[in-house]
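Please keep the sequence and the structure in view while reading.

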Amino acid sequence: MMAAKSQRNTQTANDRNRDTPFTPVRRLVIPRPDILHSYLEYKQINQYMEYLAQRYPHFVHMYTLGQTHEKREIRALEINWMNSDNVELSSQMREQSPPPFVANGRSKAPAVHTGEHCRKTVFIEAGTHAREWISISTALNCIYQLTERYTRNIEVLRKLRFIIVPLVNPDGYEYSRTKNVNWRKNRRPHKSSRFVGTDCNRNYDIFWGSGPSKINRNTYKGERAFSEPETRAIRNILDRMSPNLLFFLSLHSYGQSIMYPWGYCRESPLYWRELSSLANSGKSAIKSYNGREYRTGSISCLTKRTIAGSVVDYVYGVLKVPMALVMELPSRELGFQPPVEMVSQIGHESWYGIREMCKRSYDLRLQIKRENEPPLPRPAHYESPQPSNEGMATESPSPTTEESTAGGDCAKTLTKRKKRAKHSVVAQHEAILRLHRGSKASGPQVLPEGLHALPAGLFPRQLATRNPPIKRSGLSRDGRGGGGGDGVILTSRGKPPISSTMPLGVFL
């Protein structure tokens with residue numbers, strides 16, 4: 001009887017559970033920000049990256065690279081189509097593909113591939129300078145094209161892996177959005193000084209000592225190489241991934257140009273022809289898309305100055321990545337923050353050029369061998385940096401007396417050189433005056449036979465004709481033979497040329 005009662009209670013409980021409506025477990029849905037028609041806040045940028053990592057978990061992964069002075073995270077997005085977790089690949093291709101990431105303590109990090117053809121990673125960074133909002137939007141557009149529109153870009157996804165850091169300098173970006181629209185540097189204050197910020201694109205350890213060091217300037221390079229948390233975060237991921245990096249691209253504005261190293265000196269790299277070909281492929285793609293024409297050339301050539309400590313020179317010179325470029329987005333008329341109506345257009349046209357450069361870099365991968373290159377060229381004014389525990393030091397010669405007394409300030413060195421040049425010009429001028437006085441004191445100048453001194457106040461054209469016009473046989477201007485014209489060589493004004501009226505010795 002007890003067994004029957006227990007059975008009835010169990011049936012009653014099962015009936016209740018069956019009648020109760022089943023509620024499936026729901027994942028947190030992250031809203032998608034509008035990246036194509038607006039400038040996003042820092043939180044919205046992170047929100048978009050989280051949205052993509054949740055929507056496409058089989059080939060999109062997000063990583064935290066580090067924190068800024070104001071405790072904002074610097075994040076990177078890896079887009080790796082050819083990985084063993086991608087359910088859209090065939091089982092055979094999944095077996096042949098490497099894992100998408102590796103565990104690095106509590107966090108995850110992009111996997112470093114090994115093998116003969118492991119260089120298949122494209123690294124894109126933007127937002128190094130806070131006021132260049134359009135560079136951040138363009139990097140987000142690249143992410144959009146490779147994820148939400150991946151079916152249209154499957155060709156490049158099958159060949160290359162992408163790591164994109166859309167915002168390197170979040171502190172400066174938020175300050176530029178809310179306080180000072182023209183702010184360029186990061187926001188780390190300097191001790192015993194009222195000045196704030198360092199130019200992150202002058203803080204990399206590639207001949208860092210030859211850069212300007214005035215703390216009140218927009219291009220201040222910092223107390224030492226890799227003194228900033230932003231540059232250390234980018235350095236760590238670049239150093240880790242350097243065996244796999246094929247192409248590095250840094251986005252800036254607003255020079256409307258695609259440039260290759262070097263920035264710290266005016267020499268050309270060994271593979272400048274391949275780098276120029278890579279830049280021109282992007283230029284041609286953008287021009288065919290909407291007619292906008294970019295300039296191409298080396299950084300020091302197009303900017304007409306040298307720039308030490310840049311990330312592109314560091315990647316190309318220290319890490320020996322095969323290809324590295326800077327893309328300056330348009331344009332002077334639009335400024336650092338073009339109208340929001342232009343965000344989508346600039347993003348799309350830039351993607352056409354970037355995609356073409358990625359394809360071209362894949363084609364050039366076997367032509368560039370950086371292992372046996374000669375040593376890096378030295379900048380014109382180089383001071384050996386002090387040893388730094390933060391970053392990898394670059395070998396450099398001992399500074400000269402002039403550079404060591406400059407205290408790291410190249411402006412003082414340049415001032416001394418200018419003064420010296422000025423004194424040399426004055427000395428040359430005084431020597432010329434002495435020669436002139438000596439010629440006057442020695443009496444009238446004796447010229448060779450057939451040469452005559454010019455009368456005072458007259459120019460060669462005003463002299464009377466000493467020699468008759470030159471006559472030549474053959475056809476004259478009226479088309480007749482030697483007897484049909486005088487054969488005088490005439491200028492467009494109907495006058496004999498100077499060479500026919502004046503002896504050659506007058507010009508000497």
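Predicted model: local features only at pLDDT ≥ 70, side-chain atom pairs only at ≥ 80, totals over all residues.

## A serine in a loop

S210 lies in the loop that runs between helix α6 (170–178) and helix α7 (229–241). Is S210 buried or exposed? S210 counts as buried, because its relative accessible area is 14%, which is under the 20% limit for that class.

Strands of a sheet pair through backbone hydrogen bonds, and they do so in either a parallel or an antiparallel sense. Here, 8 strands form an open sheet with mixed pairing, and their order is β1-β2-β6-β5-β7-β10-β8-β9. At the edges stand β1 (60–67) and β9 (295–298), each of which pairs on one side only. From one strand to the next, the twist averages 20°.

Strand β5 (residues 121–125) and strand β6 (residues 161–165) are joined by 5 bridges in the parallel sense. In one of these pairings, T121 has R161 of β6 as its bridge partner.

## Helix α8

Helix α8 comprises 19 residues, numbered 272–290. From its first C-alpha to its last it reaches 27 Å, close to the 27 Å expected at 1.5 Å a residue. Just after the helix, G291 takes a positive phi of about 90°.

Which residues of α8 are buried? They are E274, L275, S276, L278, A279, S281, G282, A285 and I286. In an α-helix there are 3.6 residues a turn, so residues three or four places apart point the same way. The cover over the buried residues of α8 includes the strands β7 (245–253), β8 (257–260), β9 and β10 (323–329). It also includes the helices α10 (311–318) and α11 (343–364).

## Cysteines

A disulfide is a covalent bond between the sulfur atoms of two cysteines. The model has 0 disulfides. C142 is in no disulfide, since the nearest cysteine sulfur, that of C358, is 7.9 Å away, whereas a disulfide requires two sulfur atoms within 2.5 Å.

| Residue | Relative accessible area | Class |
|---|---|---|
| C142 | 0% | buried |
| C265 | 3% | buried |
| S210 | 14% | buried |

Note on methods: Residues numbered from 1 in each chain as written. Heavy atoms only, no water. Buried < 20%, exposed > 50% of the residue type's maximum accessible area, 1.4 Å probe, protein only. Pairing = 2+ DSSP bridges. Helix = DSSP H or I, 4+ residues; strand = E, 2+ residues; numbered from the N terminus. Axes fitted to C-alpha atoms, helices over the stretch in contact; angles between N-to-C directions. Expected span 1.5 Å × (residues − 1). Contact = heavy atoms within 4.5 Å.
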